[in-house]
Structure formats: C-alpha cells, structure tokens
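I set out to record what the coordinates say about one chain and its contact with a neighbouring chain. The entries follow the order in which I looked things up.

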Amino acid sequence: MYAPYIYASYAVTFILLGGLTLASLRGLAAARRLNAKSTRSPVTQDASHNEHD
Amino acid sequence: MLKTVENISAYYANPQRFMRLAQALQAPVWGLALLVLGVGLYMVANVPDDYQQGSTVRIMFVHVPAAWMALFAYSFIFFASVTALIFRHPLGHVAGRSAAPIGAVFTLIALITGSLWGQPMWGTWWVWDARLTSVLVLFFVYLGYIALWQAIEDHGQAARAAAILAIVGSINVPIVKFSVDWWNTLHQPASVSRFARPALHPDFLYPLLVMGVGFMLLFFALTLTRMQMEILRQRARVRQNGGAA
C-alpha cells in the first residue's frame, strides 16, 4: 500500500545525489582541462614573460 | 589542541598543499562513502515494519540523514565564511561555495522525502508548521547564497557578499533545530539526541546511524571534489586575466 511512497523517496534521493555527483565529477574534469589549456594560452605566456621582465 | 588545529589550518592555507591532500584523499573518501552507504542500504532492506507506521518507516533512513546533512552543510558554510572574513583564510570562500549546492540538494531531499512520508502518515503533503517552514526557508537561503555568487561579477565582492549572507542566514539553523520544541508542530520532536536516550528501537537506530555516517562521508567526498574544481577554475581565471585576480 505504501510502496510507491517508499520507492519514490529512494528514487528522488538517488537521482538528486547521483546527479550532483556526476555534475561535480564532470565539473572537476572540465576545470582540469580549462586549467591545462590556460597554462598554454598566449595570454598566460605573455603574462609569464612580463613577470620575467 | 587549538594550536594544532591552527597549525594545520595555516599549513593548508596554501591551495597547492591543499590540492595535493585533496587528490590523495579523494578516492579513499569516495570509496568509504559508497561502502558505508551500501552497508546502510543492506541494513535498511532488512529492517522490520514499524508497529505504527508500517513499511513507511523506511523513508526515515533517507529523510532524517538528509535533514541532518542540510543543517551540517549550512554550519560548515557558516564556519567557512567566518574563517574567510575574519581570519582571511584563502580556502574559506572556496569551501563555502563548494558546499552550498551539496547542502541545497540535501535540503531538497529532506523536503521531498518528508512530503512523501507526510502524505501516508499525516494525510497531507505539506503543512505550514514551524519545522517544515523553517527548512523551506533554509532551502531558499541556500539558493540565495548560490545566486549571489553568480550575480556579482567581481569575485572578491561576490565572496564577501555571499559570506555575509551565510553568516546572517545562520540564525535559521537553531530555529530549524529547535522549532519542534519551541512551537506546537505536526512534525515529531527529535528521536535521536546526544542528551537523552534515543526513542528509537536498535533495529531502526543502527541502520539510521550507518546511513547518517554514509551521508556525512558523501558530503565530504563531494566537498573535496568541488573544492578542487573551484581552485582549478580560480587558477585558470587568474591566468586568463594575466595574473590579476
């Protein structure tokens, strides 16, 4: 009789926590790529040249 | 003891050192969180029906830990904000910003599962009683904190404004916690307390505590992951701006 409420509760929990976990892991991977890209960008290289000047 | 905490805090104020620690801890914390949650779910699958609530008592094992974590995550953001504003710890704002979506999700889970538990037990999805309303306010404070970070373009200003909001909004945490004692509410008072014997039978108490530990480990695993993400994003932004933050 109460099964739909119980299954819905666990489904909501898994979907929300699973979604947050996936978003966080994908966000970390994207940030790593962005960070690696920015170290190679001309702006950064100019900035590092300026630091040496 | 306080000196040791201060020394550790000062040592990891260097984001580079923190990144090394976070990378080393990430896999073990994730692994432990999944293991404890797996054990917790196994225990939940084997709990007997409650003599009053029947099988709906199983909703408690996600609803109550989510509600605990909603308050814990906000307390974490409060201390991170105080650390950032008063002690100017460079990781304070990073920690606060990283924990906010996690706290918001736990609060949303507590609200939805509470509603799904309320319908069969109370005969209604929602009542405007003190506990439910104060948790809804907590959810809106989380959303406001997240929105403030997004709304202000200057990173330093956004960080200060969000930290002030987090500190002001912390007034709601004791209201959520003690609302069931201060007002007559449909929501029941706390069943698990540090100061009194738990009102729960061990058949329900132990799975609940295991799920609580699992949710806590999941919070730390997610926070570690998101803090690394924030630090890397900030680093890339600083580089893109040619060294200016």
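The entries below treat the basis of the model, the chain, its interface and a few residues.

**Basis.** I worked from a predicted model, in which local features need pLDDT of at least 70 and side-chain atom pairs count only at pLDDT 80 or more, while totals for chains, interfaces and linings use all residues. Residues are numbered from 1 along each chain as its sequence is written, chains are lettered from A and ligands numbered from 1 in the order in which they are written, and side-chain values use heavy atoms, with hydrogens and water left out.

**Chain B.** I counted 8 helices and 0 strands in chain B; helices (H or I, at least four residues) and strands (E, at least two) are DSSP runs, numbered from the N terminus. Of the 245 residues in chain B, 48% are buried, where buried means under 20% relative accessible area, exposed over 50% and partly exposed in between (1.4 Å probe, protein chains only). I also looked at contacts (heavy atoms within 4.5 Å). Among those in chain B between residues at least 6 apart in sequence, 76% join residues at least 24 apart.

**Interface with chain A.** I found 39 residues from chain B and 26 residues from chain A in the contact. The two chains bury about 2900 Å² between them, 76% of it on carbon and sulfur atoms; buried area is the accessible area (1.4 Å probe) that two parts lose on being put together, summed over both. On the side of chain B that touches chain A, helix 2 (15-45), helix 3 (60-86), helix 4 (92-122) and helix 8 (202-240) each give two or more residues. Helix 8 of chain B gives the largest share, 13 residues.

**Thr113(B).** I located Thr113(B) in helix 4 of chain B. Is Thr113(B) buried or exposed? Thr113(B) is buried, because its relative accessible area is 0%. Not counting residues up to four places away in sequence, Thr113(B) touches Ser9(A) and Thr13(A), as well as Ile59(B), Val62(B) and His63(B).

**Helix 3 of chain B.** Arg88(B), which follows helix 3 of chain B, has a positive phi, near 55 degrees.

**Leu25(B).** I found Leu25(B) in helix 2 of chain B. Leu25(B) is partly exposed, with a relative accessible area of 36%.
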